[in-house]
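Please look at the sequence and structure shown here before reading on.

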Amino acid sequence: MAHVNTVTSLCMLILLSAACRTYSVSNSCAQLYSGVFTNNHVEGTQVFLRCRIFLPCPHLNVSKVEAIEIYRSSGDHLAKMDSTRNVTIYPAGLAIKAVESGSVVSTSLHMLGIHVQTSALKDDAQFGCAVTVISSEGEAVSLTSSSKLDMMTSFFALESVLNYTRLTFFQSAPLRYRQHNYYYGYIMGASSHRAMQYCSTLDGYLAELDDKEEFDAIADFILTINITVNVMVGGFYDNTENKWIFQHSAKPVTFFTWESEKPLAGGSCLALKRVQNITSASVFMSDVPCSGQVKATFLCEVDN
């Protein structure tokens, strides 16, 4: 549980003219969150550390957030954000990959976050954060919180989630073509935005069909696994530009093979449609609402 205490030396370093007072308040508004995340595979995971303070703070009238700092329990300082949102990174032997910082006035949320490469953390790690605030009486107060990250438990949990996502949402055997993998997503009726989010769990995007050869390979894949519903792929009709554009690369769509007339309806997204004849089946391009209001699945493309 987070707690509040006053560290006189820290207060005096940050605000030499401010008085310090000791508080003993449980359920502090300052909280440190830690965990691991990935877009694709466990080997590419990073640790995230986020120190946040929500105002108003229980039992303490805060007039200003002066600084937020993240550190290791060993005393090594990792990062610090001052009242002007300038962030300082300290060389503490950890590979800090990214920094998140911000102050959202509308919800009185102040936050400093960092991403650390997991290879730099050999064992379980204990982290802490300190938020220095100025009280309504003009005193400097340090609100602290700590978090222990169990590396192995986090890895197993993350791998379990990734495997569950792949098994539940996607065809287990992807199409491999031109050093790309194409995964068929089972979810029916997803909007193009939500389909892109599903694809991102594989570190991919809605499939972008660049030419006839790629289209033919994907059409054969759809016929082989016997998909009978529309399959959403990359591409939407931009009313402003009056052309079809890929959502991921923002490049114009240059290859088409329509079932009938070229559709021009705004709010349309590209899809592949199976057309069954008496003796054979074919695949053509069609359009579906980007809002996901029809029965359509989707196809993700993942770069190798």
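## Disulfides

C300 counts as buried because its relative accessibility is 0%; buried means under 20% relative accessible area, exposed over 50%, and partly exposed in between (1.4 Å probe, protein chains only). A disulfide joins C300 to C199, S to S 2.0 Å, where a disulfide is a pair of cysteine sulfur atoms within 2.5 Å. The torsion about this S-S bond is about -80 degrees, so the link of C199 and C300 is left-handed. C199 lies in helix α3 (residues 192-200) and C300 in strand β19, so the pair ties together parts that are 101 residues apart in sequence. Helices (H or I, at least four residues) and strands (E, at least two) are DSSP runs, numbered from the N terminus. The model is predicted: local features need pLDDT of at least 70 and side-chain atom pairs count only at pLDDT 80 or more, while totals for chains, interfaces and linings use all residues. Residues are numbered from 1 along each chain as its sequence is written, and side-chain values use heavy atoms, with hydrogens and water left out.

The structure holds three disulfides. In another, the sulfur atoms of C51 and C129 are 2.3 Å apart, and the torsion of 65 degrees about the S-S bond makes the link right-handed. C51 is in strand β4 (residues 46-54) and C129 in strand β10 (residues 125-135), 78 residues apart. C269 and C290 also form a disulfide, with sulfur atoms 2.0 Å apart. Its torsion is about 105 degrees, so the link of C269 and C290 is right-handed.

## Aromatic pairs

Eight aromatic pairs are found in a search of the whole structure. Rings of Phe, Tyr and Trp (its six-membered ring) pair if their centres lie within 6.5 Å; planes under 30 degrees apart count as stacked, over 60 as edge-to-face and the rest as tilted. F170 and F298 have ring centres 6.1 Å apart and planes at 85 degrees, so they are edge-to-face. Both F170 and F298 are buried. Ring pairs link F170, Y183, Y198 and F298 into a cluster.

## Helix α4

Helix α4 (residues 212-224) has 13 residues, which at 1.5 Å a residue should span 18 Å; its end C-alpha atoms are 18 Å apart, in agreement. The expected span is 1.5 Å times one less than the number of residues. Among the buried residues of α4 are F215, I218 and I222. At the N-terminal end, D211 caps α4, with a side-chain oxygen 3.3 Å from the backbone nitrogen of E213.

Notes
Polar contact = N/O pair within 3.5 Å; in protein donor to acceptor, adjacent residues only side chain to side chain.
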